[in-house]
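The sequence and the structure are shown first.

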Amino acid sequence: SSDAGRLVLLLKNCHAKQLFPQWMKVLATTRDIPEVRHGMSSWRRIELMDDIHAAESKHAIREFINIRLSQPESVLLDRAAALDADEEEVESQSNWAAVKSRAFQYKCPQAAHQYFDLLVEQSGGNFLYAVTAVSDIEVGSSDLTEITSLPTGLEDLFLHFFERLFKSPDSDLFQNVRPIFEAILASSGGVAEAVLLSCLRVADP
């Protein structure tokens, strides 16, 4: 988000000081990040996700979850079936206020249905957000109950997972893989596998 803030400040300053050529029109795209939305409030805004498209996107996310639940030996269904939550306790969660129960197609506890619904709402129609969260549940890195604590927005979700994995920039785990991140960030066109391996001082994987 700090990078987004710096970019917003740069655009605002260039616009205010008329540093852009007269012939140039600036079109900036962004996800729904409050820092950007508030910082660019004076700019003309074009909404790409209206209510109709948002509803369609959420429907597609529900279908995706149903597909994952319907797969043979579905890991997601196992995670849902193992959910040991009291329905009354689930209903007490403040996050359920705007969530209306929508039955998913496959048998799992009612509490699991509500967690899936909450995930759909938190995604804001962002398909990649839902896919990322579901994949994290399937590999066992988190469980359905943690959906209530997930941040909204894909960028913050990635940061949440990153911080959970590496804990701190000073951690040994992060320091071990830091050369890889530095190589990727320094590259404008992708990094060859051999370069990544050399960053880890691995000659043959």
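**Overall fold**

The model is predicted. Its secondary structure comes to 10 helices and zero strands, so that the pattern along the sequence reads α-α-α-α-α-α-α-α-α-α. Of the 205 residues of the protein, 31% count as buried. The accessible surface comes to about 13,900 Å², and carbon and sulfur atoms hold 54% of that area. Among contacts with a separation of 6 or more, 58% join residues 24 or more positions apart.

In soluble globular proteins, nonpolar side chains tend to be buried together. The largest nonpolar core of this model has 26 residues, and the members that touch the most others are Ile65, Phe116, Leu144 and Ile147. At least two residues each are supplied by helix 3 (51–70), helix 4 (75–81), helix 6 (110–123), helix 7 (127–138) and helix 8 (154–166). Helix 6 gives the largest share of this core, seven residues. Apart from this core lies another one, of six residues, including Val8, Val36, Met40 and Trp43.

Which residues does Leu144 touch, not counting residues up to four places away in sequence? They are Arg79, Ala80, Leu83, Ala112, Tyr115, Phe116 and Ile137. Phe116, in this list, is also one of the core members that touch the most other members.

Ile137 has its place in helix 7. Is Ile137 buried or exposed? Its relative accessible area is 2%, and the cut-off for buried is under 20%, so Ile137 counts as buried. With neighbours within four places in sequence left aside, Ile137 is in contact with Leu76, Arg79, Ser142, Asp143, Leu144 and Ile147.

**A pocket**

Rolling a probe the size of a water molecule over the atoms shows where empty space is left. The second largest pocket has a volume of about 160 Å³. Its lining consists of Phe162, Phe174, Phe181, Ile184 and Leu185. Helix 9 (residues 172–186) provides the largest share of the lining, four residues.

**Two residues with positive phi**

Most residues other than glycine have a negative phi, and most peptide bonds are trans. Gln18 has a positive phi, near 55°, and lies in the loop between helix 1 (2–16) and helix 2 (34–39). Glu73 also has a positive phi, near 55°, and its place is in the loop between helix 3 and helix 4. The cut-off for exposed is over 50% relative accessible area, so Gln18, at 69%, counts as exposed. Glu73 is exposed as well, with a relative accessible area of 77%.

| Residue | Relative accessible area | Class |
|---|---|---|
| Ile137 | 2% | buried |
| Gln18 | 69% | exposed |
| Glu73 | 77% | exposed |

Key. Residues are numbered from 1 along each chain as its sequence is written. This is a predicted model: local features need pLDDT of at least 70, side-chain atom pairs count only at pLDDT 80 or more; totals for chains, interfaces and linings use all residues. Side-chain values use heavy atoms; hydrogens and water are left out. On a 1 Å grid over the protein atoms alone, a cavity is a set of points where a 1.4 Å probe fits but cannot get out, and a pocket is an open set with protein on both sides within 12 Å along at least five of seven lines; lining residues have an atom within 4 Å of a point. Grid points are joined across faces, edges and corners, and a volume is the space filled by probe spheres set on the points. A nonpolar core is a set of buried Ala, Val, Leu, Ile, Met, Phe, Trp, Tyr and Cys residues joined through side-chain atoms within 4.5 Å. Buried means under 20% relative accessible area, exposed over 50%, partly exposed in between (1.4 Å probe, protein chains only). Contact means heavy atoms within 4.5 Å. Accessible areas come from the Shrake-Rupley method with a 1.4 Å probe; for residues, only the protein chains shown count as cover.
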